[in-house]
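Good morning, and thank you for the time.

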Amino acid sequence: MESADPTSTHQLAKRMAELARGIAAPRSLGDVLADVTKAAVDLIPGADIAGVLLVKGGGEFESVADTDSLVAQLDKLQHDFGEGPCHDAALAQTIVRTDDLRDEPRWPRYAPAAVEHGVLSGLSFKLYTADRTAGALNLFGFRAAAWDAEAETIGTVFAAHAASAIMAGRHGQQLQSALSTRDRIGQAKGIIMERYGVDELRAFDLLRMLSQESQVKLVDIAQRVIDTRGDG
């Protein structure tokens, strides 16, 4: 393989730095992933369209950061057929590459349907995400034999950035949820302390006992106390 174009190498390094700053900055997950998929199309030869597929608990699929509406259609086909490169990458393999969907035995239903949409090649990268969510960064090409080793290498780097963005976004959501829970319990304790003339420890004990007796989450008991504050 020919040596990498210095200009392309510089552009790749520049975009990687931009993406790294984007993950660290307070931006929405959708915006960060959109930057990743756009950069992948800009910098990986043969990639005409791209997107991220998330597979959640219960087999639910979610298409995000698509550079073209066709990506969501391809994701839906894979969901409906239960087969395809994005499906395999999200749930099993690390990298799934197909050079010509017109001659692809792995996905007997998906491959012909994708060809009907003008897609001839695909390159998908597993996203290592937390919890019970799997994902894949997916590249599609309108010509056959679009990929080489360099495309796989660059795509792997972009996939790492996408996975980092997903995990950072999830961490932020968990942090916000924890703060909200803490605030609601604190507010409920304050109401009980004022209403019954007890200290903070006793107020929390009352909330905890109510939670255990009713088998309702502590934060939900706290919310009920808040909601009934004016009922006496």
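Some remarks on the source come before that. This is a predicted model, in which local features need pLDDT of at least 70 and side-chain atom pairs count only at pLDDT 80 or more, while totals for chains, interfaces and linings use all residues. Residues are numbered from 1 along each chain as its sequence is written, and side-chain values use heavy atoms, with hydrogens and water left out.

I turn to the salt bridges. A salt bridge here is a side-chain nitrogen of Lys or Arg within 4 Å of a carboxyl oxygen of Asp or Glu. How many salt bridges does the structure hold? There are 8.

One of them joins Asp42 to Lys38, with the closest N and O atoms 2.9 Å apart. These two residues are 4 residues apart in helix 2 (residues 29-43), so about one helical turn separates them. Helices (H or I, at least four residues) and strands (E, at least two) are DSSP runs, numbered from the N terminus. For accessibility, buried means under 20% relative accessible area, exposed over 50%, and partly exposed in between, with a 1.4 Å probe and protein chains only. Asp42 is partly exposed at 43%, and Lys38 is partly exposed at 46%.

In helix 3 (residues 69-81), Asp80 and Lys76 also lie 4 residues apart, about one turn of the helix. Their side chains meet in a salt bridge of 2.8 Å, N to O. Asp80 is partly exposed, at 44%, whereas Lys76 counts as exposed, at 51%.

Asp99 forms a salt bridge with Arg97, at 3.1 Å between the closest N and O atoms. Asp99 is partly exposed at 32%, and Arg97 is partly exposed at 27%.

I come now to strand 1 (residues 49-55). Because 7 of its 7 residues are buried, strand 1 is largely enclosed by the rest of the structure. In a regular strand, side chains alternate between the two faces of the sheet. On one side of strand 1, Ile49, Gly51, Leu53 and Val55 are buried, and on the other Ala50, Val52 and Leu54 are buried.

Two strands pair if DSSP finds at least two bridges between them. Strand 1 pairs with strand 5 (residues 134-141) in the antiparallel sense over 7 bridges, and Leu139 in strand 5 is the bridge partner of Ala50. Strand 1 also runs antiparallel to strand 2 (residues 61-64), joined by 4 bridges; there, Leu53 stands opposite Ser63.
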